[in-house]
Amino acid sequence: MTASRRRLCAALAVLFLLNIAVIGFVQNAAAITYKQGSTGSVVTQIQQKLVNWGYFSGPVDGIYGSKTVSAVKYFQRRNGLTADGKCGPKTLAALGIQVSETNQSTAGDVDLLARLISAEARGEPYTGQVAVGAVVLNRVESPAFPNSLSGVIYQSGAFTCLQDGQFWGNVTDSAYRAARDAMNGWDPSGGAIYYYNPSTATSSWIWSRPVITVIGKHKFCS
């Protein structure tokens with residue numbers, strides 16, 4: 001192979017790799033969309049931008065609620081964007097917000113944990129809601145359980161709310177706050193990896209677990 005042919009092959013190989021990288025970037029960017037129910041630091045940035053520019057008068061709390069949806073639609077209409085109330089790549093760019101894949105993963109984890117907390121601890125004291133979230137995170141760290149949030153939550157038979165369908169119901173605002181507090185390190189459960197409601201628990205095994213603390217209707221145990 002001549003030197004010029006080797007250079008041509010090398011150039012084509014670099015071009016191919018660049019194309020693959022661009023395609024991957026575009027695919028990741030297209031997947032980053034914030035909508036009603038999303039939470040986290042990026043949602044806070046969205047709300048703050050909208051407040052600064054006069055589109056939003058609600059609380060900057062990192063929770064993508066109905067008021068944020070309305071404000072985003074208003075911003076989108078005024079800026080020639082599709083007014084769907086969702087912050088996808090174009091709307092985020094118009095707001096001047098850059099989002100990494102890590103941001104999106106974190107937001108997804110908050111949403112998932114909040115859904116579990118809402119279904120399992122709806123009506124419980126706020127501290128008890130945070131404690132339920134902490135139990136899930138403690139399981140992620142324990143070698144006895146799956147090592148991811150989704151793995152722990154979807155583990156077969158782990159949570160009754162997935163069996164009775166409550167997991168797919170509406171998520172309360174307090175559950176989102178509790179999820180963030182748990183993910184930020186607050187653990188009112190004292191390191192528990194199990195909890196149960198004595199008035200509904202039917203497993204004799206769970207009653208045998210050493211109780212660490214009691215919050216509301218739940219006993220938290222090791």
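Buried means under 20% relative accessible area. The model discussed here is predicted.

## Leaving the helix

Gly-54 follows α2. The phi of Gly-54 is positive, near 80°.

Trp-53 is placed in the loop between α2 and α3, the latter covering 66-78. Is Trp-53 buried, exposed or partly exposed? Its relative accessibility is 43%, so Trp-53 counts as partly exposed.

Trp-53 touches Phe-75, Ala-94 and Leu-95, leaving aside residues up to four places away in sequence. Take Leu-95. Trp-53 and Leu-95 are 42 residues apart in sequence. In space, their C-alpha atoms are 9.8 Å apart.

## Aromatic pairs

How many aromatic pairs does a search of the whole structure find? The count is 11. One of them joins Tyr-55 and Phe-75. Their ring centres are 5.2 Å apart and their planes stand at 85°, so this pair is edge-to-face. Tyr-55 lies in the loop between α2 and α3, while Phe-75 belongs to helix α3, so the pair ties together parts that are 20 residues apart in sequence. Both Tyr-55 and Phe-75 are buried.

Phe-167 and Trp-168 make another pair. Here the ring centres are 4.8 Å apart and the planes are at 90°, so the geometry is edge-to-face. The two partners differ in accessibility. Phe-167 has 0% relative accessibility and therefore counts as buried. Trp-168, at 55%, counts as exposed, because exposed means over 50%.

## The cluster around the loop

Which residues form one aromatic cluster? They are Trp-53, Tyr-55, Tyr-74 and Phe-75.

Several details above meet in this group. Trp-53 and Tyr-55 are both placed in the loop between α2 and α3. Phe-75 is in helix α3. Phe-75 also pairs edge-to-face with Tyr-55 and is touched by Trp-53.

Definitions and conventions. Residues numbered from 1 in each chain as written. Predicted model: local features only at pLDDT ≥ 70, side-chain atom pairs only at ≥ 80, totals over all residues. Heavy atoms only, no water. Helix = DSSP H or I, 4+ residues; strand = E, 2+ residues; numbered from the N terminus. Buried < 20%, exposed > 50% of the residue type's maximum accessible area, 1.4 Å probe, protein only. Contact = heavy atoms within 4.5 Å. Phe/Tyr/Trp six-rings, centres within 6.5 Å; stacked < 30°, edge-to-face > 60°.
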